[in-house]
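Q: Can you walk me through this model? I'd like the overall layout, then the charged pairs.

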Amino acid sequence: MEISPYLNIYSQRKYPSFGDKYPARDIMCIMSGSEVIGKRSDTFDRTVAGVLQKHISSTVEERGKDYLHAQQYLYEKYPDLRKLAVKFRNMLNSVSYNHFSITTEDEKLICSNFENQIGSKFFDIN
């Protein structure tokens, strides 16, 4: 009997729920409270809506509440990701504590470095 080398029964990832559903940068922006970088992403609102499983509000005040609810949900359901969120926020803070002042080039570099460290560009949250 020949066993295929492509068959992998056990997951080799250290962190839970990696897959291909939501961009890791958007999930980390939500969890770390770094919405500035998330808002530059065209997928950020879709990620928040997907996490909450509802449409995002159109008013600024309600949208902020939606972001906060998504953050609380992720903290409760995926406590193992908190360490990653702190690490992501520290990477942002190493460039500037004012996340509004971080350039797009620095943002892309930080996100790519972070994705390389965790080994995935996506999280499967739900």
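Surface, fold and salt bridges

A: This is a predicted model. The protein exposes about 8,200 Å², and carbon and sulfur atoms supply 51% of that area.

Q: How many residues of the protein count as buried, in percent?
A: Of its 126 residues, 40% are buried.

Q: What about helices and strands, and which pattern do they follow?
A: There are 6 helices and 2 strands. Along the sequence the order is β-α-α-α-α-α-α-β.

Q: And the contacts between residues at least 6 apart, what share joins residues at least 24 apart?
A: That share is 65%.

Q: Switching to charges. How many salt bridges are there?
A: The count is 6.

Q: Which residue does Asp-66 pair with?
A: Asp-66 pairs with Lys-54, at 3.1 Å from N to O. Asp-66 sits in helix α4 (residues 60–77) and Lys-54 in the loop between α3 (44–52) and α4, so the bridge ties together parts 12 residues apart in sequence.

Q: Is Asp-66 buried or exposed? And Lys-54?
A: Asp-66 is buried at 3% relative accessibility, while Lys-54 is partly exposed at 42%.

Q: What separates Lys-65 and Glu-61 in helix α4?
A: They are 4 residues apart, which means about one helical turn. Their side chains form a salt bridge at 3.7 Å, N to O. Lys-65 is partly exposed at 38%, and Glu-61 is exposed at 57%.

Q: Which residues are joined into one network by shared partners?
A: Arg-25, Asp-26 and Glu-107. Within it, Arg-25 and Asp-26 meet at 3.8 Å, N to O. Arg-25 is buried at 16% relative accessible area, and Asp-26 is buried at 0%.

Notes
Residues numbered from 1 in each chain as written. Predicted model: local features only at pLDDT ≥ 70, side-chain atom pairs only at ≥ 80, totals over all residues. Heavy atoms only, no water. Buried < 20%, exposed > 50% of the residue type's maximum accessible area, 1.4 Å probe, protein only. Contact = heavy atoms within 4.5 Å. Areas by Shrake-Rupley, 256 points an atom, 1.4 Å probe, with all protein chains shown as cover. Salt bridge = Lys/Arg side-chain N within 4 Å of Asp/Glu carboxyl O.
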